[in-house]
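Hi everyone, thanks for coming.

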Amino acid sequence: RSVYSDSCDHSASTWQVMATTTNGFAKVHVASANEGVDKAWLESLNDGYNTLRSSFRSQTSWSYDFRMSQLKAMETMLTTENEKMAAALATDMNRPDFESETFEVGSTIAEVRFAMRNLKSWMRAESVDTPPVLQMGSSRVERIPKGVVFVLGAWNFPFHLSLAPCIAAIAAGNCVVLKPSDVSPTCAQMLKDLCDKYMDPKTFRTYLGGVAESTELLARKWDHIFYTGNGVIGRIVMTAAAKHLCPVTLELGGKSPVIVDRGLSPSQLHIACSRIISTALFVNAGQICVSPDYVLVHEDAEQQLIEALKAAVARMTPENSEKLGKVVNSRHFARLRNLAETAEGQVVCGGAAAGEPNSCFLPPTIISRPSLTSPAMTEELFGPLLMVTPVKSLEEAADFVNSRETPLALYVFSGNRKRAEDVIRNTRSGGAMINDTFVHLANPHLPFGGCGESGFGSYHGKWGFEEFSHKRSVLARPLFLDIDRYPPYDNLKLMIVRTAMTVPEMIKSFAAKMMRIFGC
């Protein structure tokens, strides 16, 4: 069922051919687009779509009280059903309970509680200055709901990456249709069951399915579409949205680099490698959109870093590999194995040969000095693989990053803050961190989003509320003390306009503020 499901009935050999190619993703999508949609499913969609449209027109979802009720329902669902969610994650990806609680359920609870604490202030209209020429008047910016929005969730963090955008959409007063990814089918079914149980069906609906169902959903007119996934499907989403002039948020990915400076002490290197390796190879088996894909290390520190990375893998690897997360399915396992086998570098630890196809387990793998033109260095890895390549300077590292598509995240490790800031200043990325990885996503005051090929739009905290809101300008004026600006025009009116245009902006601004203070 194509890229949406990544669970097509093609033979294993076909999957291997398509495994690492963007064209392969597109071919699967086209081949699957002709699948029929179940009649009962379509009737359910029609009913839900019409219900949500009616609810929004009647402003059911607009009020502060209703928004809070739905956010509280979401919080109750997450706190009450967290064990069921952890079990579903263990079934689909062998996710350890610690990761489920920390990076999936716990992070989503934090998101909804942050929205609940701040919703009233977010909804408050923002007063802005009114220029003297428009006095007596008052100006404000209102955040109003966009309408009925469509959220396409991702499979790698199926609960957080599905529900966090929904939390922002609900906080902004919208009605929501959620389509979880069926690459993690147990989690997708769990999401539908729980959302049907806890959320108000007048304003929130969840639909399952593969590419045929996703295609049918995308054919509808939405007021905003939020998609998390890869660039191939991102383009399909944008094409569908363009037919209705629908705004889109794309949370994609890319190859997120790590740049390691020379001069780190042994203790600093120990911490740096722990932070790099945990995110790149262990948390969710490296299947994270901001997971480090490759490390650019100063050539003077290359061997020292490789030994420290290898030691970090050894520290974090349990005796029983069954306690580690697995690759989500056999297709992704074949893709990752192919990437490792064609990298042409030196295997530092792990390796494709140590993989277990039957259980989709690939050990944490580090490859040193891969071919820079190999698929491992040109395609997003999205698994427990990490490439390491030397550079002569931080400037060369920055040039290398800038020569590629803009990544979703950039990580710089250096004992010198100025040198690290120089790298940040001279590169582009969706987000960036100095001396850590991944955890910038945990700050609700920071926007999370990509740039260029890694996506556009942002969310988390108030940024998500803004993303799902329309900023409406409102100017109110009284029906007295009118200025004669109407035809017929004469020289006196033209002289007044020209005189007004010559008044310095500082004086205009001061006059506007005085009028605002005294209620003019």
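Let me start with a quick one: is H460 buried or exposed? H460 is buried, with a relative accessible area of 3%; buried here means under 20% relative accessible area, exposed over 50% and partly exposed in between, using a 1.4 Å probe and protein chains only.

Before going on, a word on where this comes from. This is a predicted model, where local features need pLDDT of at least 70, side-chain atom pairs count only at pLDDT 80 or more, and totals for chains, interfaces and linings use all residues. Residues are numbered from 1 along each chain as its sequence is written, and side-chain values use heavy atoms, with hydrogens and water left out.

Back to H460: its phi is positive, about 90°, although it is not a glycine. You'll find H460 in the loop between β15 and α18 (462-467). Those labels are DSSP runs numbered from the N terminus: helices are H or I with at least four residues, strands are E with at least two.

N435 also has a positive phi, near 65°, and isn't glycine either. N435 sits in the loop between β14 (431-434) and β15 (455-456), and at 29% relative accessibility N435 counts as partly exposed.

P488 belongs to the loop between β16 (469-476) and α19 (491-502).

Now the inside. The largest nonpolar core has 89 residues, and L71 and M74 have the most contacts inside it. By nonpolar core I mean a set of buried Ala, Val, Leu, Ile, Met, Phe, Trp, Tyr and Cys residues joined through side-chain atoms within 4.5 Å. Which helix gives the most to this core? That's α8 (residues 160-171), with 9 residues. Leaving aside residues up to four places away in sequence, L71 touches V112, A115, M116, L119, I167, I170 and A171, where contact means heavy atoms within 4.5 Å. Another core, of 27 residues, lies apart from it, and includes L339 and L394.

Last stop, a helix pair. Helix α12 (residues 266-282) packs on helix α13 (residues 302-316) at an angle of about 60°, with the axes 9 Å apart. Axes are lines fitted to C-alpha atoms, for helices over the stretch in contact, and angles run from 0 to 180 degrees between N-to-C directions. Among the α12 residues meeting α13 are L269 and F282.

That's my tour, thanks!
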